[in-house]
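Work through the exercises below with the sequence and the 3D view open. Try each task before you read its solution.

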Amino acid sequence: MSLEPIALQQLPKDLDLQRLPQHVAVIMDGNGRWAKNRGRPRIMGHQKGVDILKNLLYCCRDWGVPALTAYAFSTENWGRPSEEVEFLMTLFERVLRRELEEMMAENVRIRFVGNLEKLPQSLQSEIAKAMQDTEANSGIQFTVATNYGGREEIVQACRAIASKVEQGYIQATDIDEDLFEQHLYTKGLHHPDLLIRTSGEMRISNFLLWQMAYAEIYVTDTLWPDFDRSEFHRALLAYQKRDRRFGRVNI
Ligand code: IPE
Ligand code: IPE
Ligand code: MG
């Protein structure tokens with residue numbers, strides 16, 4: 001299934017197909033507040049957040065955005081109450097098991113990035129299966145950052161490169177930006193063009209520090225569980241109005 005014919009049919013008329021971001025990254029924030037506003041436990045917000053993520057994935061697919069990366073769990077999120085952490089780990093596993101068949105049918109390529117070895121063993125198995133099964137899928141590239149930290153990603157890349165130098169596979173002078181990128185979790189993925197953060201927080205919370213160098217940042221007060229297609233539409237409209245100079249001058 002190719003992305004373009006669907007996009008041509010469904011893309012809202014005020015969006016320019018030629019100026020769509022090639023990779024959208026989202027910091028899905030505000031689940032807890034969303035639940036609290038309704039007098040419900042925080043985990044209800046996480047549960048609803050999963051449906052919203054699935055909607056956004058299909059919206060990207062329908063409109064012709066070829067890659068979506070979602071921040072699901074940071075290296076700092078282990079500091080939350082253990083019941084919430086356990087709920088999230090179980091939720092990730094349950095959702096993966098439930099959705100894999102559909103993701104296959106929809107030709108979605110799933111990747112997980114982060115320090116996956118620290119995740120519960122049963123979740124690691126589901127992740128490995130999802131990555132393997134969808135490896136040859138040629139549709140939307142869907143990446144989930146789980147136990148992900150931008151600093152940790154950079155440090156592990158340095159360690160891997162240093163070890164290659166130590167063993168004599170490469171010289172220190174071989175290290176450049178391209179080689180460095182080859183050692184990041186996101187190797188092979190286009191850098192995000194657009195970063196969306198929900199819930200109004202003006203920070204990146206250790207997400208894709210290297211990759212975000214020239215991403216356009218869009219922050220909305222909308223809480224993640226309310227981030228629907230019309231919200232995404234608004235974000236894309238804002239993105240298409242940006243003047244991306246990359247340090248140069250536009251005359
Ligand atoms: C984001 O929502 C989901 C995760 C970090 C897993 P939060 O749980 O951070 O929700 P708020 O920010 O407390 O409202
Ligand atoms: C960022 O949200 C992490 C994820 C969305 C997974 P947080 O809620 O953890 O970030 P802070 O604590 O507000 O910076
Ligand atoms: Mg939060």
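**Exercise 1. A residue in a helix**

Task: Find the element that holds Glu-231, and decide whether Glu-231 is buried or exposed.

Solution. 
- Step 1. Glu-231 sits in helix α8. The model is a predicted one.
- Step 2. The relative accessible area of Glu-231 is 11%. Buried means under 20%. Therefore Glu-231 counts as buried.
- Step 3. Now look at its surroundings. Leaving out residues up to four places away in sequence, Glu-231 touches Thr-220, Thr-222 and Asp-226.
- Step 4. With Thr-222 there is also a polar contact: the side chains of Glu-231 and Thr-222 are joined at 3.2 Å.

**Exercise 2. The helix itself**

Solution. 
- Step 1. List the buried residues of α8: Glu-231, Phe-232, His-233, Ala-235, Leu-236, Tyr-239 and Gln-240.

**Exercise 3. An enclosed strand**

Task: How many residues of strand β2 (residues 67-74) are buried, and which strands pair with β2?

Solution. 
- Step 1. Seven of the eight residues of β2 are buried, so the rest of the structure largely encloses this strand.
- Step 2. β2 pairs with β1 in the parallel sense, over four bridges. One of the bridge pairs is Val-24 with Leu-68 of β2.
- Step 3. β2 also pairs with strand β4 (residues 141-148), again in the parallel sense, over seven bridges. Here Phe-73 has Thr-146 of β4 as its bridge partner.
- Step 4. Take Thr-69, which lies in β2. Its relative accessibility is 2%. The cut-off for buried is under 20%, so Thr-69 counts as buried.
- Step 5. Among the residues that Thr-69 touches, beyond four places away in sequence, are His-23, Val-26, Thr-143 and Phe-207. The side chains of Thr-69 and His-23 form a polar contact of 2.7 Å.

**Exercise 4. Two ligands**

Task: Which polar side-chain atoms lie by the oxygen atoms of ligand 1 and ligand 2?

Solution. 
- Step 1. Begin with ligand 1. Of the 13 residues around it, Met-28, Asp-29, Arg-33, Arg-42 and Arg-80 come nearest.
- Step 2. A polar side-chain atom of Asp-29 is 2.8 Å from an oxygen atom of ligand 1. For Arg-33 the distance is 2.7 Å. For an N or O atom in the side chain of Arg-42 it is 2.8 Å. On its own, ligand 1 has 380 Å² of accessible area, and the protein covers 87% of that.
- Step 3. Turn to ligand 2. The residues around it include Ile-27, Tyr-71, Phe-73, Asn-77 and Arg-197.
- Step 4. An N or O atom in the side chain of Asp-29 is 3.2 Å from an oxygen atom of ligand 2. Arg-203 has a polar side-chain atom 2.8 Å from a ligand 2 oxygen. For Ser-205 the distance is 2.6 Å. Ligand 2 alone exposes 390 Å², and the protein buries 78% of that.

Methods
Residues numbered from 1 in each chain as written. Chains lettered and ligands numbered in written order. Predicted model: local features only at pLDDT ≥ 70, side-chain atom pairs only at ≥ 80, totals over all residues. Heavy atoms only, no water. Buried < 20%, exposed > 50% of the residue type's maximum accessible area, 1.4 Å probe, protein only. Helix = DSSP H or I, 4+ residues; strand = E, 2+ residues; numbered from the N terminus. Near = heavy atom within 4 Å. Polar contact = N/O pair within 3.5 Å; in protein donor to acceptor, adjacent residues only side chain to side chain. Areas by Shrake-Rupley, 256 points an atom, 1.4 Å probe, with all protein chains shown as cover. Contact = heavy atoms within 4.5 Å. Pairing = 2+ DSSP bridges.
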